[in-house]
Amino acid sequence: MTPITRAAVAAVAAVVLGGSVFGAATAHATPGTDITAVTLAQAQIPAGLLPFVAGTDLVVREITIAPGGSTGWHYHYGPVFGFVRSGTLTHPGPDCVAPVFHTGDFIYEPEGAWNVHIGRNLGPDPLVLDVVYAPPTGKPLFEDADAPDCA
């Protein structure tokens with residue numbers, strides 16, 4: 001991990017862990033397979049506390065996808081930032097182009113229904129992701145979606 005990405009992770013973690021941490025996030029149904037998610041921390045950042053932040057529920061999760069598993073097609077209401085802790089992530093988006101992320105790689109997913117995507121573990125080892133979600137206050141972490149026509 002580069003010094004810049006380490007600094008980014010440290011900054012996000014400081015905001016999340018320095019805020020008001022409370023119980024686990026509500027899970028939503030997903031058509032994913034062989035996936036588990038553990039909520040590590042959650043904090044609400046109220047509107048007006050930080051410049052340009054309209055209010056968000058920051059959630060830190062560890063996501064594990066077994067070999068052959070996937071997240072299912074979905075999108076997010078707020079931006080998502082993550083790192084591949086171990087394994088390999090294949091990540092097709094709305095155009096079905098599938099970039100591959102390896103251990104130590106940074107992932108950014110912009111918000112919006114236009115950005116439907118799926119995370120797949122096509123490798124032989126478990127895929128472990130450390131992810132920070134930043135949806136607007138009260139919105140779910142993700143929304144299930146249909147696969148794009150190209151899929």
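Colleague: How many disulfides does a search of the whole structure find?

Modeller: A disulfide is a covalent bond between the sulfur atoms of two cysteines. In this predicted model, the search of the whole structure finds 1 disulfide. Cys96 and Cys150 form it, with their sulfur atoms 2.0 Å apart. The link is right-handed, with 85 degrees about the S-S bond.

Colleague: Which parts does the pair tie together?

Modeller: Cys96 sits in the loop between β5 (88-90) and β6 (100-102), while Cys150 is in the segment after β9 (143-144), so the link joins parts that are 54 residues apart in sequence. As for accessibility, Cys96 counts as partly exposed at 24%, and Cys150 also counts as partly exposed, at 44%.

Colleague: Now to Glu109. Is it buried or exposed?

Modeller: Glu109, which lies in strand β7 (residues 106-109), is buried yet has no salt bridge. A salt bridge would need a charged nitrogen within 4 Å, but Arg61, the nearest side chain of opposite charge, is 11 Å away.

Colleague: Which side chain does Glu109 make a polar contact with, then?

Modeller: That of His76, at 2.8 Å. Glu109 also touches other residues beyond four places in sequence, including Pro79, Val80, His91 and His117.

Colleague: And where does pLDDT stay under 50?

Modeller: Where pLDDT is low, the predicted coordinates should not be read in detail. Here that stretch is residues 1-29, for which the model has 39 contacts beyond four places in sequence. For the protein, the mean pLDDT is 84, and 80% of the residues reach 70 or more.

Notes: Residues numbered from 1 in each chain as written. Heavy atoms only, no water. Helix = DSSP H or I, 4+ residues; strand = E, 2+ residues; numbered from the N terminus. Buried < 20%, exposed > 50% of the residue type's maximum accessible area, 1.4 Å probe, protein only. Lys, Arg positive; Asp, Glu negative; His and termini not counted. Polar contact = N/O pair within 3.5 Å; in protein donor to acceptor, adjacent residues only side chain to side chain. Contact = heavy atoms within 4.5 Å. pLDDT = per-residue confidence, 0-100. Disulfide = S-S within 2.5 Å.
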